[in-house]
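These are my notebook entries on a single protein chain. I set down what I looked up and what I read off.

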Amino acid sequence: MAVSELQLRDALDSLKGTGVRITPQRHAILEYLVGAMSHPTADEIYKALEGKFPNMSVATVYNNLRVFREVGLVKELTYGDSSSRFDFVTTDHYHAICEDCGKIVDFHYPGLDEVEHLASHVTGFKVNNHRMEVYGTCRDCEAKAGAH
Ligand SMILES: [Zn+2]
Ligand SMILES: [Zn+2]
C-alpha cells in the first residue's frame, strides 16, 4: 500500500475518532490533499473536484478545510491575501517558497525548539507554535531564467 493511502486511512480514522462525519466530499478533499504536494488553495481543490461534485461550491470546500484544520489534520497557511493555502499535516516541516511562481516546497529540519524557548524567555509569551520559511527561486524558475 502506498504511503499516501496509509496517510489517508490514518486521517479518516482520526476524523472518525473526533466524531466528524465523513461525507464523500470530505473524503475526496482529504484524498486530494494527501496526494497533492503543492499546498493547494481552496480554489484549486474546488477546480480539481468540481467535475466529481457538480453541486459543491468553493465555500463548501473552504468549510470542510476549516473542519479539518480544527481537528488538526491540515494547516492553513495565510499570506495576507485571500488565498490561504492548505497543507496536510504529516510531521512538522518547513517551507521553501519561490518568489517568482509561488510554489511551496517542503523540507525537514530538526524542530527549532530552542527558538521557541528563547522567544518565550525573552517575551514572556507562552509559545504554541512557529513558522519558518525560506524564500528564493525554485529550480524551474531558475532554469527558465537561465534559458534567456
Ligand atoms: Zn518558481
Ligand atoms: Zn508543507
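**Entry 1: α2 and α3**

Is the crossing of α2 and α3 right-handed or left-handed? I looked this up in the model, which is a predicted one. The crossing of α2 and α3 is right-handed.

I then took the geometry of the pair. Helix α3 covers residues 42-49, and α2 packs on α3 at an angle of about 115°, with the two axes 11 Å apart. With that angle, α2 is roughly perpendicular to α3. From α2, I listed Ala28, Ile29 and Tyr32 in the contact; from α3, I listed Ile45, Ala48 and Leu49. Sorted by class, the contact of α2 with α3 comes to 6 nonpolar residues, with no polar and no charged ones.

**Entry 2: α2 and α4**

I turned next to the packing of α2 with α4. Helix α2 spans residues 24-35, and its angle to α4 is about 75°, with axes 10 Å apart. The range of 65 to 115 degrees counts as roughly perpendicular, and α2 and α4 are therefore roughly perpendicular to each other.

Which residues of α2 meet α4? I found Gln25, Arg26, Ile29 and Leu30 on the α2 side. On the α4 side I noted Thr60, Val61, Asn64, Leu65 and Phe68. By class, the residues of this contact of α2 with α4 divide into 5 nonpolar, 3 polar and 1 charged. I note that Ile29 is listed in the contact with α4 and also in the contact with α3.

**Entry 3: the chain as a whole**

I stepped back to the overall layout. I counted 6 helices and 5 strands in the protein chain. Along the sequence, their order reads α-α-α-α-β-β-β-β-α-β-α.

How is the protein chain divided into domains? Domain 1 runs over 3-88 and domain 2 over 94-147. I recorded 22 Å between the C-alpha centres of domain 1 and domain 2. Along the principal axes, the C-alpha atoms of the chain fill a box of roughly 50 × 45 × 35 Å.

The chain has 148 residues, and 14% of these are buried. I also looked at contacts between residues at least 6 apart in sequence: 47% of them join residues at least 24 apart.

**Entry 4: Leu73**

Where does Leu73 lie? I placed Leu73 in the loop between α4 (58-70) and β1 (74-77). Leu73 counts as buried because it has 22 C-beta neighbours inside 10 Å, and the cut-off for a buried residue is 20 or more.

I then listed what Leu73 touches, leaving out residues up to four places away in sequence: Ala11, Ser14, Leu15, Phe68, Phe88 and Val89. Leu73 and Ser14 are 59 residues apart in sequence, and their C-alpha atoms are 8.4 Å apart in space. Phe68, one of the residues touched by Leu73, is also listed for α4 in its contact with α2.

**Entry 5: His39**

I looked up His39, which is found in the loop between α2 and α3. His39 has a positive phi of about 55° although it is not a glycine.

Is His39 buried or exposed? With 21 other C-beta atoms within 10 Å, His39 is buried.

Ser4 is found in helix α1, residues 3-17. Ser4 has 15 C-beta neighbours inside 10 Å and so counts as partly exposed. Not counting residues up to four places away in sequence, Ser4 touches Val34 and Gly35. I also took the separation of Ser4 from Lys47: 43 residues in sequence and 21 Å in space, C-alpha to C-alpha.

Asn63 is found in helix α4. With 13 C-beta neighbours inside 10 Å, Asn63 counts as partly exposed. Asn63 and Arg21 are 42 residues apart along the chain, and 13 Å separates their C-alpha atoms.

**Entry 6: α5**

How many of the 11 residues of α5 are buried? I found a count of 0 for helix α5, residues 113-123, which is hardly covered. Just after α5, I noted that Gly124 takes a positive phi of about 80°.

Note on methods. Residues are numbered from 1 along each chain as its sequence is written. Chains are lettered from A and ligands numbered from 1 in the order in which they are written. This is a predicted model: local features need pLDDT of at least 70, side-chain atom pairs count only at pLDDT 80 or more; totals for chains, interfaces and linings use all residues. Helices (H or I, at least four residues) and strands (E, at least two) are DSSP runs, numbered from the N terminus. A residue is buried if 20 or more other C-beta atoms lie within 10 Å of its own, exposed if 12 or fewer, and partly exposed in between; C-beta atoms are placed from the backbone. Two residues are in contact if their C-beta atoms, placed from the backbone, lie within 7 Å. Domain bounds come from an automatic or database domain assignment. Axes are lines fitted to C-alpha atoms, for helices over the stretch in contact, and angles run from 0 to 180 degrees between N-to-C directions. Angles under 35 degrees count as roughly parallel, over 145 as roughly antiparallel, 65 to 115 as roughly perpendicular and the rest as oblique. Ala, Val, Leu, Ile, Met, Phe, Trp, Tyr, Cys and Pro count as nonpolar, Asp, Glu, Lys and Arg as charged, and the others, Gly among them, as polar. A crossing is left-handed if the near helix is turned anticlockwise from the far one by less than a right angle, and right-handed if clockwise.
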